Amino acid sequence: MLTLIKNTEVYAPHYLGKKDVLLTADKIGYIKDRIDLDAASLDVLVIDGTGKLLVPGFIDAHVHLIGGGGEGGFKTRTPELNLTDATTAGITTVIGVLGTDGTTRRIESLLAKAHALDEEGITAYLHTGSYQIPVKTLTGKIEEDLIFIDKIIGVGEIAISDHRSSEPTFEELAKIAAAARNGGLITGKAGVLEIHVGDSDRKLDLLFEIAEKTDIPIHHFHPTHINRNAELFEEGIKYAELGGYVDLTTSTIPQFLEEGEVKCSRGLRLMLERGIPAAQITFSSDGQASLPYFNSDGDFAGLQVGKVSSLFEEVRSSVLNEVVSLEAALQVITSNPARILKLKKKGEIRAENDADLVMLDKETLEIDTVIAKGKVMVEGGVPTIKGTFEA
């Protein structure tokens, strides 16, 4: 099947101008000023992109695919991600993680869910491990998980500076990072260490110490929730100034913002104004995570569920409300996570890359059409393909 997208303005994520784009099966075939084909004889699906912007499919690098939570008891375990949760949000690639609960939720189930989402039409990978150490793996070793399990591309999310962590020491975290790096080197995978950063006063102390005292490159860490509060946000800027990557979490609740969380769209503008290159910043949704809040004694007081839909909502807000350029804003959910995670066929509109694309209304930046692996998953904002058990 050939799909021809005509008369659309392409952000690859850098602006290419008005182009025609031909998809050949699940790949991008050609990007040219004009492509003319005989639609009838060649069985070509033609999509009119007039008044639309064509951008790369979004990459959500931190999603609890099989649900998260449980801090308020078993009834607070959050549900799994549905296919259309992702596709209607423009997300064509997800990275699955475990969180607080690495006991009743296991890597085996996360791996199975990643395969299921692949079968339903999008691309899914995962990290091995969870909040706690020792890291629970499939094979017994971090390196072997990375080497022998194709879908495992890193480790995490390992929690630091959080009362729910296992209080990892400098030596323990450095050894985990070294194992992840070695597994990545052998396989050509990213081998990143996804770091959950809590709200304790220690902030990024462990990562600064590892950067100073070891030979592990700073870019092998991907600390997330950097916008959790103003103090951590400032530490994140210092960390990025050393060459590190920083990830801002888009899912939030009013209470978090009232308590000082930095809204992602605003955080992106502030980081760019402080001279942090857009290439070092990513957004992720923390989708399907529990968003728990605790009282002054540290006791559980309630929760809401993270939404993958927040990913592009914050990118859109950064353009419409914070006057960040669309090129810069798109990078944080397309080319940046693709490069950091070594997803070589993702994140950019170019020939031979995977045909993962999103079409936006030029005026409103609302999602109109979503294509994953060359198939139209959403058209006119409505899912055309649903998950196996979705009504």
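A cavity, on a 1 Å grid over the protein atoms alone, is a set of points where a 1.4 Å probe fits but cannot get out. Before going on, I noted that this is a predicted model, where local features need pLDDT of at least 70, side-chain atom pairs count only at pLDDT 80 or more, and totals for chains, interfaces and linings use all residues. I also noted that residues are numbered from 1 along each chain as its sequence is written, and that side-chain values use heavy atoms, with hydrogens and water left out.

**The cavity**

I looked up the volume of the largest cavity, which is about 60 Å³. A volume here is the space filled by probe spheres set on the grid points, which are joined across faces, edges and corners. What lines the largest cavity? I found Pro56, Gly57, Phe58, Ile59, Thr92, Thr93, Lys345, Lys346, Gly347, Glu348, Asp354 and Asp356 (lining residues have an atom within 4 Å of a point). Strand 6 (58-63) and strand 7 (91-96) are the elements that give two or more residues to this lining. Helices (H or I, at least four residues) and strands (E, at least two) are DSSP runs, numbered from the N terminus. I sorted the cavity lining by class and got three nonpolar, four polar and five charged residues. For the classes, Ala, Val, Leu, Ile, Met, Phe, Trp, Tyr, Cys and Pro count as nonpolar, Asp, Glu, Lys and Arg as charged, and the others, Gly among them, as polar.

**The pockets**

Next I turned to pockets (open sets with protein on both sides within 12 Å along at least five of seven lines). The largest pocket has a volume of about 640 Å³. Its lining has 33 residues, and Arg164, Asp199, Arg228, Phe256 and Pro292 lie nearest the centre. Helix 8 (254-258) and strand 14 (290-294) are the elements that give two or more residues to that lining. Which element gives the most? I saw that strand 14 does, with five residues. The lining of the largest pocket divides into seven nonpolar, 17 polar and nine charged residues.

The second largest pocket has a volume of about 200 Å³. I read through its lining residues, among them Glu80, Leu81, Lys113, Glu119 and Phe389. Helix 3 (residues 107-120) supplies the largest share of this lining, four residues. By class, I noted four nonpolar, three polar and five charged.

**Two helix pairs**

I then checked helix 5 (residues 170-187) and helix 6 (residues 205-213), which pack at an angle of about 70° with their axes 10 Å apart. Axes are lines fitted to C-alpha atoms, for helices over the stretch in contact, and angles run from 0 to 180 degrees between N-to-C directions. Helix 5 and helix 6 are therefore roughly perpendicular to each other. Angles under 35 degrees count as roughly parallel, over 145 as roughly antiparallel, 65 to 115 as roughly perpendicular and the rest as oblique. Where do they meet? Phe170, Leu173 and Ala174 in helix 5 meet Leu206, Leu207, Glu209, Ile210 and Lys213 in helix 6 (contact means heavy atoms within 4.5 Å). I counted six nonpolar, no polar and two charged residues in this contact.

My last entry is helix 9 (residues 264-273) with helix 10 (residues 310-320), whose axes come within 8 Å and cross at roughly 55°. Helix 9 and helix 10 are therefore oblique to each other. Their contact is made by Cys264, Ser265 and Leu268 of helix 9 and Glu314, Ser317 and Ser318 of helix 10.
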